[in-house]
Amino acid sequence: MFGTLPPIRSAQAASGGALVLLALSSLNSKIAGMLWGLTFIVTAILAIRARPWPPPDALDRIARLWVVATTLGLTCWIVSAALWDELYPQYSAEINAGLRLITGALAAYWLTRVVRLSRSEMGSHAITFAVSIASLVALLVALLANNREQLPSHAIAWAAAIGLMIVLLVARAADSTQSAPSRAVAALGVLFGALAILGSQSRGVYPVIAWCVAVLLVSWYRRSINRGRVLIASALSGLAIVIGLAIAIAHPSDPRRLQEAISSVQQVRDAQQYNTPTGARIYLFTLAWQTFKESPWIGVGAQNRLALIHGSGLGESEVRAASLWHVRDMGHVHNAYLHHAMDGGVISLLGFLLPLGMLALMAVRLRAQHPASALQIWGILFIHALTNLTSVNLAHNYYALMLVISVALVLVQARLAGPLLQTPR
């Protein structure tokens, strides 16, 4: 698979080991860390040994976009931390996350630029199978966990990482150029991952299930001769989702924590009571937005952000202080956009937005020759943009690792699918 770099047996062993780690990556963050770290080390060695590199092709230039985005993002976060004298010790996770992102982006770039994997349907199917196994492992983890705190990482970040896996799989399941067995394996992986997300009770990640349903229905609609039947199926799917939500909301045990969210909003509205996860978010969103408006360019720094959160309600009435005790236990504002805006103003926020924009550009450039890969990138962008509305996922190592691993998998599968046509620089 790897040609002459390194010898065939070593390459096969490395590929097999990477696939095993990928299949087990939803079990423990350290396994994902091993996959990330070993891939970076091996590809760095190969990149050094391979000089001079072969001329870049279109996929190389697409992979380079991700390196540029993560580099600029990390630069913004370093500048922001330096302005507030928070480079060392660090009071936020941005720089650590940025280092994980840029090293993962470099590994992905070297895989496409230097290793130059040969066209291999078997290799591509093996990746799909490994990701599907990871989704199955995630479902088993969710079923065996007694509560959300027993999941391998923070529940929202873990569920978002599983979401990154299933958007990769649903694009493969919807790809008519794939074999029926490969599409079936991918579809099963989507089902396992969706159930794992529901089991995590991470409400901010639930929309990924709607994304997967929409992708499959649109794919079916495009391929179907009888499109009326597809429209009926789409309507029935929407009705089933609405009924499912109604049942979940009405169920006394509130298995998906939907009643809790509705009740929390009512408590905030009626009694200014913020001592629930949703209530705390409402307060923190307001606090972050007001702080950003006061210092939009450079923010207030991570130390001041922590001081503002931990001091919420203190110095006010006892009733007010009591209504905010849960807020004072928080470490960030549970919205990545507002978190960066509060910590470092436009500078830090730009560091977060640049990778989002670059993912969109990568998807556009992949679309002509690799529509399935483009759809995978759109799915990653959807997950990254959506789930960070109610969390700061990059504060958790596992999510940062799985984000760059997911992008790397897209690029590797695109390379395995065959060469891209040359495009202008």
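Trainee: Why is Asp60 called buried?
Mentor: Buried means under 20% relative accessible area, exposed means over 50%, and partly exposed is in between (1.4 Å probe, protein chains only). Asp60 has 1%, so it is buried. This is a predicted model: local features need pLDDT of at least 70, side-chain atom pairs count only at pLDDT 80 or more, and totals for chains, interfaces and linings use all residues. Residues are numbered from 1 along each chain as its sequence is written, and side-chain values use heavy atoms, without hydrogens and water.

Trainee: What makes Arg415 and Asp60 a salt bridge?
Mentor: A salt bridge is a side-chain nitrogen of Lys or Arg within 4 Å of a carboxyl oxygen of Asp or Glu. Here the N to O value is 3.0 Å. Arg415 lies in helix α16 and Asp60 in helix α3, so the pair ties together parts 355 residues apart in sequence. Helices (H or I, at least four residues) and strands (E, at least two) are DSSP runs, numbered from the N terminus.

Trainee: Which residues are linked with Asp60 in a network of salt bridges?
Mentor: Asp57 and Arg415. The side chains of Arg415 and Asp57 meet at 2.7 Å, N to O. Asp57 sits in the loop between α2 (29-49) and α3, so this pair joins parts 358 residues apart in sequence. Arg415 is buried at 6%. Asp57, at 8%, counts as buried too. The structure holds four salt bridges.

Trainee: How far apart are the closest N and O atoms of Arg305 and Asp343?
Mentor: They are 2.7 Å apart, and the two residues form a salt bridge. Arg305 is in helix α12 (residues 302-310) and Asp343 in helix α14, 38 residues apart. Both are buried.

Trainee: How do you know that buried Arg328 has no salt bridge?
Mentor: Its nearest side chain of opposite charge, Asp329, is 6.7 Å away. Lys and Arg count as positive, Asp and Glu as negative; His and the chain ends are not counted. Arg328 is in the loop between α13 (318-322) and α14 (336-366). Leaving aside neighbours within four places in sequence, its contacts (heavy atoms within 4.5 Å) include Ile309, His310 and Ala321.

Trainee: What makes His339 buried?
Mentor: Its relative accessible area is 4%, so it counts as buried. His339 is in helix α14. Neighbours within four places aside, it touches residues including Glu94, Arg305 and Val392.

Trainee: Why is Gln201 called partly exposed?
Mentor: Its value is 22%, so it gets that label. Gln201 sits in the loop between α7 (180-200) and α8 (207-223). Its phi is near 60°, a positive value in a residue other than glycine.

Trainee: Where is His334, and what is its phi?
Mentor: His334 is in the loop between α13 and α14. Its phi is near 60°, a positive value in a residue other than glycine. At 9%, His334 counts as buried.

Trainee: What makes α6 mostly covered?
Mentor: The count: 19 of its 19 residues are buried. Helix α6 (residues 155-173) reaches 26 Å from its first C-alpha to its last, close to the expected 27 Å. That expected span is 1.5 Å times one less than the number of residues.

Trainee: How many helices and strands are in the protein?
Mentor: There are 16 helices and zero strands. Of the 425 residues, 52% count as buried.
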